[in-house]
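Subject: A structure for you to explore

Hi there,

Here is the structure I promised to hand over. Have a look at it first, and then read on for what turned up in it.

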Amino acid sequence: MSAFALMKILGILNFIVVQVQLETFDKLNVWTKNQFTNQEHYFLSDHRPVEHFFPDKLHDLNGNMFSFYGEWDFPYVIVVDDKVFGVVPKFIDIIIRQRCNGTTFYTQDPKFTFVTDSRYNILQFRLSFAHTLFFREQSGVFLVCPVRTERDFLQPLLKPFSMGIWIVLGALFVTCRVLQFLFPTTYRYDLVGITFFGGGGTEYEHPFKFRIVTFTLIVLLFFLSEAYNTKLISLMTFSKFYKQPETLEEFTQSNYRILASRYAAETYSDLRPKFLSLSETRREERRLGWRKNEIYCSTVDQGIALPIHVLRLKDYAVPLYVIPEPIAVDRSLVQFHQYSPFYDMFHMYFDRFNDAGLWMNLVNSIVYTLGKSKRDRQREEQFQEVIFYFDDLTCIWLLVIAGWLVSGITFFGELISWKIQNKLRVGNFFPI
């Protein structure tokens, strides 16, 4: 085996071969060879600087191929119709195609896993020449859950005011009663009825002090009532959804359950009570089919979670969303062949891209492109959607029914009270 063949197998680019001749020991012939262009470079041993002996052999790959293996992981590796896109292929194309005049080959065939020049998110532990690039941004495992779309009308209708508003209304009621008690001649009409319900006699018949106080109270009640009406209208026009958990702590306090996978409950011990058992998971999968995600949460990698978060998938009866806090933190990586001559070059450019912000720019541009396609689709469909539904009036029906119920109870209470008082009055007039 020649020295050049051995260097090529070991992936050593920078080497020199010295032809030793005793009669010319003071000035030796030195040569090296580029394994990509097969170009040979000859020097004399007294040439300076020494860097001339080691030219940049990766500057021109002469069309040689750089191979890469990676499975789908948005936004880093994206496969569409046998074409590969994403941050990592784009980064490789910039280095190999634009900078080094080479070609690239991307595959998802598992049989090429350990023969390609590099592979994505597959780490082989080596005692030497690990040749691994760990990404600086975090990835991990996330929870994808169905959005709770139940509208919560009953609570704001039965408890319409905050404590502060109740205090203001109570203070107005007490003020009206105190004024009538202290100045009965001035405030001859019911201030409570005038302030809260209107009416109360002809306006010009009231004393000036009476009109000043009632005007002030009515203006205050006007703003309160308009604000309340606005809130009621917002219940009709805006979706008042169940609050979605945004952290793992909020998730543990919710009634969500997680579909189990093998060893998942042991791996994510903090969420163990939230996991279904394997038998329950299999039973629900048989019962619900692919609709299981409309009821239960699932654990997914970032490559699946991020498109769900960006696109807000609508193929289900209810939309899905991603809890922002990961349940497990990891880092993506690219590992090169053990004797790959490309590692040092990629490591240098990877650091430069990250330090200059170009790496995150690639990530954000792909995420933005996916989000832009969603927005374009929404813009085309926005005039085809129904904007007002019968269910939007649910709060009105509840308010009407609640009002009728309270009115009915009050009416029957007054009727019973009147009959009891009548009987007592008749009994007093005609004692037995």
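Is the crossing of α2 and α11 left-handed or right-handed? To start with, this is a predicted model, in which local features need pLDDT of at least 70 and side-chain atom pairs count only at pLDDT 80 or more, while totals for chains, interfaces and linings use all residues. Residues are numbered from 1 along each chain as its sequence is written, and side-chain values use heavy atoms, with hydrogens and water left out.

**The two helices**

The crossing of α2 and α11 is right-handed. (A crossing is right-handed if the near helix is turned clockwise from the far one by less than a right angle, and left-handed if anticlockwise. Helices, H or I with at least four residues, and strands, E with at least two, are DSSP runs numbered from the N terminus.) Helix α2 spans residues 87-99 and helix α11 residues 343-356; they pack at about 120°, and their axes are 11 Å apart. That makes α2 oblique to α11. (Angles under 35 degrees count as roughly parallel, over 145 as roughly antiparallel, 65 to 115 as roughly perpendicular and the rest as oblique. Axes are lines fitted to C-alpha atoms, for helices over the stretch in contact, and angles run from 0 to 180 degrees between N-to-C directions.)

On the α2 side, F91, I92, I94, I95, I96 and R99 make the contact, and they meet M345, F346, Y349, F350 and F353 of α11. (Contact means heavy atoms within 4.5 Å.)

**The five-stranded sheet**

Next, find the open sheet with the strand order β7-β4-β8-β14-β9, where the pairing is mixed. (Two strands pair if DSSP finds at least two bridges between them.) Its edge strands, each pairing on one side only, are β7 (103-107) and β9 (132-134). From one strand to the next, the twist averages 20°. Inside this sheet, β4 (residues 65-69) and β8 (residues 118-120) pair in the parallel sense over two bridges, and Y69 stands opposite R119 in β8.

Both helices also meet these strands. Helix α2 packs on the sheet and touches β4, β7, β8 and β14 (333-336), with its direction at about 155° to that of β7. Helix α11 lies across β4, β9 and β14, running at about 15° to β9.

**The three-stranded sheet**

Another open sheet has the order β1-β2-β3, with antiparallel pairing. Here the edge strands are β1 (17-19) and β3. Five bridges join β2 (residues 29-33) to β3 (residues 40-44); in β3, W31 has Y42 as its bridge partner, and N29 has L44. The two strands form a hairpin with six residues between them, and N38 in the turn has a positive phi of about 60°.

**Some backbone details**

Most residues other than glycine have a negative phi, and most peptide bonds are trans. Now look at N101, which has a positive phi of about 60° although it is not a glycine; N101 sits in the loop between α2 and β7. The peptide bond from F74 to P75 is cis, with omega near 0°, and P75 lies in the loop between β4 and β5 (78-80).

**From the record**

The unreviewed UniProt entry annotates residues 161-183, 210-228 and 386-412 as "transmembrane region". (Such annotations may be inferred rather than shown by experiment.) In the model, residues 210-228 are 100% helix and 0% strand, and their end C-alpha atoms lie 27 Å apart.

Enjoy exploring!
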